[in-house]
Amino acid sequence: MNNIIVLPMALPIMLGIILIFLRPYIKTQRVITVLGLLATIGTSMYMLHWIQTDGIIRLDFGGWEPPFGILFVADSFAVILVTVASIVTLICLIYAFSSIGEKIENMYFYSFVNFLLAGVNGSFLTGDIFNLYVNFEIMLLASYVLIVLGGKRMQLRESLKYVVINIISSWFFLVAIAYLYAQLGTLNMAHISVLISESGQTPLLTVTSLVFLIVFALKSGLLLYFWLPGSYSAPPTAIAALFGGLLTKVGIYVMIRVFTLIFYHEPQITHTIIGILAGLTLVMGSIGAIAYKDIRQIVAYNVIIAVGFILVGLAVMTQEALEGAVYYLMHDMVAKSLLFLLAGTMITVTGEKRLDNMSGLIRNYPAFGWMFFIVMLSLAGVPPLSGFIGKVLVGQGAIEAGSYVLLALAFISSIFVLYSLLRIFLNSFWGETIISFDDEVPMKRGWIVSFGLLTALMFTFGIGAEYFAPYVADAANTLLNPQIYIDAVLE
Amino acid sequence: MKINNVILRTVTKISVFIILTLAVYLFFAGHNSPGGGFIAGLVLAAAFVLLFLVYDMDTIRKGIPIDFKKIAAFGAFLAVGTGFGAFVFDVPFLTQSFDYFEVPFFGEVELSTVTIFEAGVSFAVVGVVITIILSISEDV
């Protein structure tokens, strides 16, 4: 039985519910959450291995055959992201243990982190477009709670914007699903794809696909990112790192899934628009990243640049570019979480938010400083770190497809990433130290462990790229040949 | 401020039982005809809200000393738990089954696992609705 593929979603949900009963016992909550996450990571790795030998696995809930029932479909692309998302969540929680504070932990923090992960994993795994909407909502509801936990003035202000934007985009999502259902009468993604390839992608369907594009652009921060820098700098560091690492990636995943599996017949319209949006996102994200001196803003704009970069891979849509997009997604989940953790820690230890008010941090915290340097190199795409292989493959794909403008924008944006982070490094880590050794806040062991684990993961993804190659190639291959996915679902 | 509203209190004492009975009826009517756990949960919650409105909050809290957040969590636990039953019986997640049993006095009765799921939904709905209404009323 394939019940195992529901575990990455069902296990966190179940644990989240059980943790509600254990509210006063914070130690127990921590232990249960860590064990649950380890189990989730283990099952997803096992699934990933299983897919390589037996092909795509699916599970029909309640035994209802597709296209009538709801189902989960585990292909390499989805399961790679499930695995990385679970690992990143675990590491962010290790940071949270020693930073978030008992007051927040007592407000069902661990339950909601579990629910957030359940929504994220469910969105990756589902094969039904309405179920996708439901999983998005699980993820968003959990994130609404996490963004206000702590109840600071800024959090309340930013969460209001965040909630309004997401409710509007969810409404658009529903409208788009309704349009699609009215035209095709099915919600199963593989079945939708079959019906569209039989009847042709009519202009009405293309318009529907553009409504979907608006929805996912809002969720992933593709050009419509105006809400993102504010909301991502409001919550406590560990939560901001989770958001920065996971939430936009779900939007990107869904966009790649929908525009490779369902709406791939009119690339001169849809994929051209995605390309234009990705290019604009790269330009405006790069401007944003060097325009601010508040390090949280700089870090948030770095998220936006990565969104543009990954979607260049979708816009050109060759085997190499999609492989690059998958590699870069894996890399970016890890690297962005680490960047948010480091930036948040800088603010914690100095009490300052602007980069020109800090200086000489590397004298106080050498390991911390060098890890910032490593993540900077990784995000800029320096080998042998994890960002390199993704950038090379996306670039190779863009050259093959002849999209030289996107290619140029993608690589110039890397220079802007490097510059924006180098500015932080030069201003805040070098120079005369402002913290005397007597009143320096000691770096807690949990913080260093979580940074170290994420850094190690970046090296693993970079040096071990060859080891991950078969999984990533399989993911890109399935994306490029929707028939594989359709056959696995509808047989 | 103490409002002595005899008519409202007297009517409530009777009508709460009618509402609760309706909730039970709707619950068991579910999954084959109109009704079900969600609606039953809402009606149950309506009965509780009526009690909270007519009597003051302290009296009802003393009469029903339960944490409705826990009720909501218990409901969710039950509903998701029925899904996990699938792992034990090695059938697809969320599979339901039913059978007919001869029960003395009631005659032939249909018992199904979906009823447990629906009970979970009811608990979750009651818990969530009451929690929301109580926390709003505490704010005002």
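**Close-up views of a predicted two-chain model**

**View 1. Packing of helices α9 and α12 in chain A.** In this predicted model, helix α9 (residues 203-220) of chain A and helix α12 (residues 270-291) of chain A have axes that come within 11 Å and cross at roughly 25°. Because angles under 35 degrees count as roughly parallel, α9(A) is roughly parallel to α12(A). Their crossing is right-handed. On the side of α9(A), the contact is made by T206(A), S209(A), L213(A) and A217(A), and on the side of α12(A) by T270(A), I273(A), I274(A) and L277(A). Sorted by class, these residues comprise 5 nonpolar and 3 polar, with no charged residues.

**View 2. Packing of helices α9 and α11 in chain A.** Helix α9(A) also packs with α11(A), at an angle of about 155° and with the axes 7 Å apart. Angles over 145 degrees count as roughly antiparallel, and α9(A) is therefore roughly antiparallel to α11(A). The two helices cross in the left-handed sense. From α9(A), the residues F212(A), F216(A), K219(A) and S220(A) meet T248(A), G251(A), I252(A), V254(A), M255(A) and V258(A) of α11(A). This contact of α9(A) with α11(A) holds 6 nonpolar, 3 polar and 1 charged residues.

**View 3. Packing of helices α6 and α11 in chain A.** Helix α6 (residues 129-148) of chain A and helix α11 (residues 237-261) of chain A have axes that come within 12 Å and cross at roughly 160°. The pair α6(A) and α11(A) is therefore roughly antiparallel. The crossing in which α6(A) passes α11(A) is left-handed. Helix α6(A) contributes L132(A), M139(A), S143(A) and L146(A) to the contact, while α11(A) contributes I239(A), F243(A), L247(A), V250(A) and V254(A). By class, the contact of α6(A) with α11(A) has 8 nonpolar residues, 1 polar residue and no charged residues.

**View 4. Strands β1 and β2 of chain A.** Strand β1 (residues 57-60) of chain A and β2(A) run antiparallel and are joined by 4 bridges. Within this pairing, L59(A) has F72(A) in β2(A) as its bridge partner. In a regular strand, side chains alternate between the two faces of the sheet. In strand β2 (residues 71-74) of chain A, L71(A) and V73(A) point one way, F72(A) and A74(A) point the other way, and all are buried.

**View 5. The hairpin of strands β1 and β2 in chain B.** Strand β1 (residues 98-103) of chain B pairs with β2(B) in the antiparallel sense over 6 bridges. Residue V103(B) stands opposite G107(B) in β2(B). The hairpin has 3 residues between the strands, and F105(B) takes a positive phi near 80°. Strand β2 (residues 107-112) of chain B has 6 residues, of which the number buried is 0, so the strand lies largely in the open.

**View 6. The contact between chain A and chain B.** Chain B supplies 16 residues to the contact, and chain A supplies 14 residues. On the side of chain B that touches chain A, the residues divide into 11 nonpolar, 3 polar and 2 charged.

Notes:
Residues numbered from 1 in each chain as written. Chains lettered and ligands numbered in written order. Predicted model: local features only at pLDDT ≥ 70, side-chain atom pairs only at ≥ 80, totals over all residues. Contact = placed C-beta atoms within 7 Å. Nonpolar A, V, L, I, M, F, W, Y, C, P; charged D, E, K, R; others polar. Buried ≥ 20, exposed ≤ 12 C-beta atoms within 10 Å, placed from the backbone. Pairing = 2+ DSSP bridges. Axes fitted to C-alpha atoms, helices over the stretch in contact; angles between N-to-C directions. Parallel < 35°, antiparallel > 145°, perpendicular 65-115°, else oblique. Left-handed = near helix turned anticlockwise from the far one by under 90°.
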